[in-house]
Amino acid sequence: VNGVSLLYQAGELAVMASYNEDDDDEDGTEFNENTEVGIAYNFGGVRVGAAYGTQTSAGDDIDYYVLTADGSIGDLDYAVFIGDDDVGNETSYGL
């Protein structure tokens, strides 16, 4: 699969983008077209991030996103996320 991934970091900021083309191999392996962008920032004790992507599969566009945060409070390390996509129309979350 041909694709490109770019990452830019400056201090506490990181920005990422990636793309891979639709590819059907002779052996029957199929890769869908994907485009993704994301951003993250470290506020010292808390790091937050967001990403959005889209996948073209069998002519359908599937959109998805995820939001994350992680850090420490005293001796407690934590991470939380929430995400959603067009596949099951359900929101995923975790702690």
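1. Start with confidence, since this is a predicted model. Strand β2 (residues 13-20) has the highest mean pLDDT among the elements of the chain, at 96, while strand β4 (residues 30-31) has the lowest, at 66. Over the chain as a whole, the average pLDDT is 88, and 87% of the residues score at least 70.

2. Now have a look at Asn20, which sits in strand β2. Asn20 counts as buried because its relative accessibility is 19%, and the cut-off for buried is under 20%. Its side chain reaches the backbone oxygen of Asn32, at a distance of 3.0 Å.

3. Next, the strand pairing. β2 runs antiparallel to strand β5 (residues 33-42), with eight bridges between the two.

4. Tyr41 has Val48 in β6 as its bridge partner.

5. Last, the charged pair. The structure has one salt bridge, and it joins Arg47 to Asp70, with the closest N and O atoms 2.9 Å apart. The pair links distant parts of the chain, as Arg47 belongs to strand β6 (residues 46-57) and Asp70 to strand β7 (residues 60-73), 23 residues apart. Buried or exposed, or something in between: which is Arg47? Arg47 counts as partly exposed, because its relative accessibility is 43%.

Methods: Residues are numbered from 1 along each chain as its sequence is written. This is a predicted model: local features need pLDDT of at least 70, side-chain atom pairs count only at pLDDT 80 or more; totals for chains, interfaces and linings use all residues. Side-chain values use heavy atoms; hydrogens and water are left out. A salt bridge is a side-chain nitrogen of Lys or Arg within 4 Å of a carboxyl oxygen of Asp or Glu. Helices (H or I, at least four residues) and strands (E, at least two) are DSSP runs, numbered from the N terminus. Buried means under 20% relative accessible area, exposed over 50%, partly exposed in between (1.4 Å probe, protein chains only). pLDDT is the predictor's confidence in each residue, from 0 to 100. A polar contact is a pair of N or O atoms within 3.5 Å; within protein, one must be able to donate a hydrogen and the other to accept it, and residues adjacent in sequence count only if both atoms are side-chain atoms. Two strands pair if DSSP finds at least two bridges between them.
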